[in-house]
Amino acid sequence: MNRETPAASFIPERIANLEDYVPVETDVKVKLDANENPYPMPEPLRAQLAELARSLDFARYPDPYARELIGKFAEVYGVRPERVVAGCGSDEVLHLLCQTLLCEGAEVVTALPDFSMYAFYAYLEGGRQVTAKRGADGQIDFGELKRIASSGDCRCVMFSNPCNPTGAVAPRDAVLEFVRSVSCPVIVDEAYGEFCTSDFSVLDMAGSLPNLIVLKTLSKAFGLAGLRVGFAVACEDIVRAVKRVKSPYNLNSFSQAAGVAALGRADEVFAQAKVIGEMTKAMYSALAGLAELGGYEPVEPGANFVLLKFGDGSRAQSLHAELLRRGISVRLMPGALRITCGTREENRLLLQEFEDILKDGIKA
Ligand code: PMP
């Protein structure tokens, strides 16, 4: 950023140093770059939302504590409503947690690779990311994480489980043992939990263990990414503090009501998410069959996407560009591609184009 102009000089260095957010390509035939639910919203739910648009009183401010929404979420996930706070996507909830828990110079420990917004929100609050490395299979080394989190000024540990982008899943027992072994808050982000079939979730322990905070979202399995609804579940002291920090009307009335309606169809959503999880495994097997030709290593998925790790990062770039040219958007990451599971037809198209590109020989 040019800091020479008078207005630019008003921006503190920490903010001036930020890079622009680059949105992913949206004008494509097949969009497999953002880990969204690929299926259209069920018609009965769409009709319910249309009715809400007709009946809600948009001249009035929304419920600042999103009580009905939190009540429904608590009922569906079997947690206590006093232990839940809601926000505009788990992104906002994460930012609020950073505002609540961190201070200038605070160390935030993450296990890379992981969701990039952890470091971003920590940085905004003056925090500093300290990193542990994941193993080749994407797994967290909890011993190393504990060693790093136990030294110095660690104010918080954050990781996603299942992990975005690797898709690796840490078992519940290992997560709980880790949380019990450290004294700082641990944020476990279970955004993709509904797609996972193994025993990983620690949601039921959030709040019982005072330092465990679990993040949830309606953006993935529930298919409401555009309406921005997310939650944190934590002990009441933390929830009360976050509620004091948040802006009073953070979650608009339409999203609150839409969230209640979507949560009312939870059984259907959970069943669909399991099918998507299985389809992701099938996509992984097909991509594994092309691994030698493609020069990559696929990571076994525990959510709704597959990560391909390339020895040669320029091959990932070329493949990404060629797929985009053919109307398919996947996520390019350093030395890797992350491919979201689409509908059966989208997956078929992806695999066909992918194989064609590899057989034609990509120019890296
Ligand atoms: N956590 C993880 C691991 C994610 O991948 C994402 C979105 N990609 C989020 C949180 C944020 O989701 P949202 O703000 O839409 O709830």
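The shell around the ligand divides into 3 nonpolar, 6 polar and 4 charged residues, where Ala, Val, Leu, Ile, Met, Phe, Trp, Tyr, Cys and Pro count as nonpolar, Asp, Glu, Lys and Arg as charged, and the others, Gly among them, as polar. The model is predicted, so to speak of local features a pLDDT of at least 70 is needed, side-chain atom pairs count only at pLDDT 80 or more, and totals for chains, interfaces and linings use all residues. Residues are numbered from 1 along each chain as its sequence is written, and side-chain values use heavy atoms, with hydrogens and water left out.

Of the 13 residues around the ligand, Ser90, Asp189, Tyr192, Thr217 and Ser219 come nearest; a residue is near a molecule or strand if one of its heavy atoms lies within 4 Å of it. Helix α4 (residues 89–101) gives the most to this shell, with 3 residues. Helices here are DSSP runs of H or I with at least four residues, strands are runs of E with at least two, and both are numbered from the N terminus. Taken alone, the ligand exposes 400 Å², and the protein buries 91% of that; accessible areas come from the Shrake-Rupley method with a 1.4 Å probe, and for residues only the protein chains shown count as cover.

Turning to the strands, β5 (residues 154–160) is mostly covered, with 6 of its 7 residues buried. Buried means under 20% relative accessible area, exposed over 50%, and partly exposed in between (1.4 Å probe, protein chains only). Strand β5 runs parallel to β3 (residues 107–112), joined by 4 bridges, and Glu107 stands opposite Cys154 of β5. Another 4 bridges join β5 to the parallel strand β6 (residues 186–189), with Asp189 of β6 as the bridge partner of Ser160. Strands pair if DSSP finds at least two bridges between them. Together, β5, helix α7 (residues 172–181) and β6 make a right-handed β-α-β unit; a crossover is right-handed if, with the strands pointing away from the viewer, the path from the first strand over the helix to the second runs clockwise.

Within strand β3 sits Thr110, which counts as buried at 1% relative accessibility. The side chain of Thr110 makes a polar contact with the side chain of Gln129 at 2.7 Å. Such a contact is a pair of N or O atoms within 3.5 Å; within protein, one must be able to donate a hydrogen and the other to accept it, and residues adjacent in sequence count only if both atoms are side-chain atoms.

Most residues other than glycine have a negative phi, and most peptide bonds are trans. A cis peptide bond joins Asn161 and Pro162, with omega about -5°, and another joins Asn164 and Pro165, with omega about 20°. Pro162 lies in the loop between β5 and α7, and Pro165 is placed in the loop between β5 and α7. Ala66 has a positive phi near 45° and is buried at 4% relative accessibility, whereas Arg228, with phi about 60°, is partly exposed at 30%.
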